[in-house]
Amino acid sequence: SPTEWEIRNEPMVKAADGGTLTKLFAGYQMASKPYTISEYNHTFPNLYLAEMMPMISAYSAFHGADAIMFFDYNADNDWDTDVVNSFFSIDRNNLLMAASPLFAKAFRKGWISEASKSLSIQYSPEDIALTAKRTGKPWEAGMPFDERLALTHKITIQDFDASVTQNPAARLPEPQSPFQTTTQQIRWDQDGLFQVSTPQ
């Protein structure tokens with residue numbers, strides 16, 4: 001409902017919990033399966049929309065995502081009005097449309113390197129069955145490690161059939177800002193600076 005939405009002018013680059021990026025990359029990717037990001041967007045009229053394309057493209061590349069799909073192009077089938085008139089439609093958002101070719105090319109050409117190794121987690125069936133009890137959140141997965149590790153390490157699930165859960169992420173120290181990926185190409189200082197440095 002347009003009357004009940006609240007779009008806060010808060011930059012994700014200052015989100016202490018990693019914003020949407022930790023939710024996307026903190027241990028949902030199966031090691032043997034394709035992984036895609038779908039219906040991704042930072043809503044208009046947030047004034048920090050410029051951070052969306054570099055951040056999602058960089059971390060998707062680092063984590064080896066196979067595709068990024070944004071939501072959405074044009075929700076109302078109005079092809080003539082030359083104004084941004086939707087929270088999510090990007091077809092008349094000059095900032096996002098102008099950034100799309102650059103970041104699509106960087107992502108598709110592999111200009112931002114994928115991590116060469118991942119923290120591979122093997123869950124036992126019992127661990128999965130007791131997730132809600134362990135976390136106290138029946139509607140959330142609640143990873144058994146600090147989800148901000150996704151800002152420095154690639155994390156994948158090997159299987160759900162281990163006799164005992166093997167969780168190398170749980171043994172790592174709590175990550176602190178600035179976060180540096182294992183490839184050394186992405187550096188995120190939560191004081192407000194996000195950098196991607198590659199040969200390209």
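1. Basis. The model is predicted, so local features need pLDDT of at least 70 and side-chain atom pairs count only at pLDDT 80 or more, while totals for chains, interfaces and linings use all residues. Residues are numbered from 1 along each chain as its sequence is written, and side-chain values use heavy atoms, with hydrogens and water left out.

2. Helices (H or I, at least four residues) and strands (E, at least two) are DSSP runs, numbered from the N terminus.

3. Surroundings of Leu21. Leaving aside residues up to four places away in sequence, Leu21 touches Met12, Tyr40, Met55, Ile56, Tyr59, Leu151 and Trp188. Contact here means heavy atoms within 4.5 Å.

4. Aromatic pairs. There are nine aromatic pairs in the structure. Rings of Phe, Tyr and Trp (its six-membered ring) pair if their centres lie within 6.5 Å; planes under 30 degrees apart count as stacked, over 60 as edge-to-face and the rest as tilted. Because the planes of Tyr59 and Phe62 stand at 90°, with ring centres 6.5 Å apart, this pair is edge-to-face. Both residues lie in helix H2, three residues apart, about one turn of the helix. Tyr59 is buried at 0% relative accessibility, and Phe62 is also buried at 0%; buried means under 20% relative accessible area, exposed over 50% and partly exposed in between (1.4 Å probe, protein chains only).

5. Link to strand E7. Tyr59 and Phe194 form a tilted pair, 6.1 Å centre to centre with 45° between the planes. Tyr59 is in H2 and Phe194 in strand E7 (residues 193–196), so the pair ties together parts that are 135 residues apart in sequence. Phe194 is buried, at 17% relative accessible area. One aromatic cluster is formed by Tyr59, Phe62, Phe179, Trp188 and Phe194.

6. Helix H3. The 15 residues of H3 should span 21 Å at 1.5 Å a residue, and the 22 Å between the end C-alpha atoms agrees; the expected span is 1.5 Å times one less than the number of residues. A kink of about 40° lies at Ser100, shortly before Pro101, the bend being the angle between axes fitted to the seven residues ending there and the seven starting there. Leu96, Ala99, Ser100, Ala106 and Phe107 are buried in H3, and the cover over the buried residues of H3 includes H2 and strand E2 (67–70).

7. Backbone. Most residues other than glycine have a negative phi, and most peptide bonds are trans. The bond from Phe44 to Pro45 is cis, with omega near 15°, and Pro45 is in the loop between E1 and H2. Glu39, in strand E1, has a positive phi near 55° and is exposed at 58% relative accessibility. Gln184 has a positive phi of about 70° and lies in the loop between E5 and E6.
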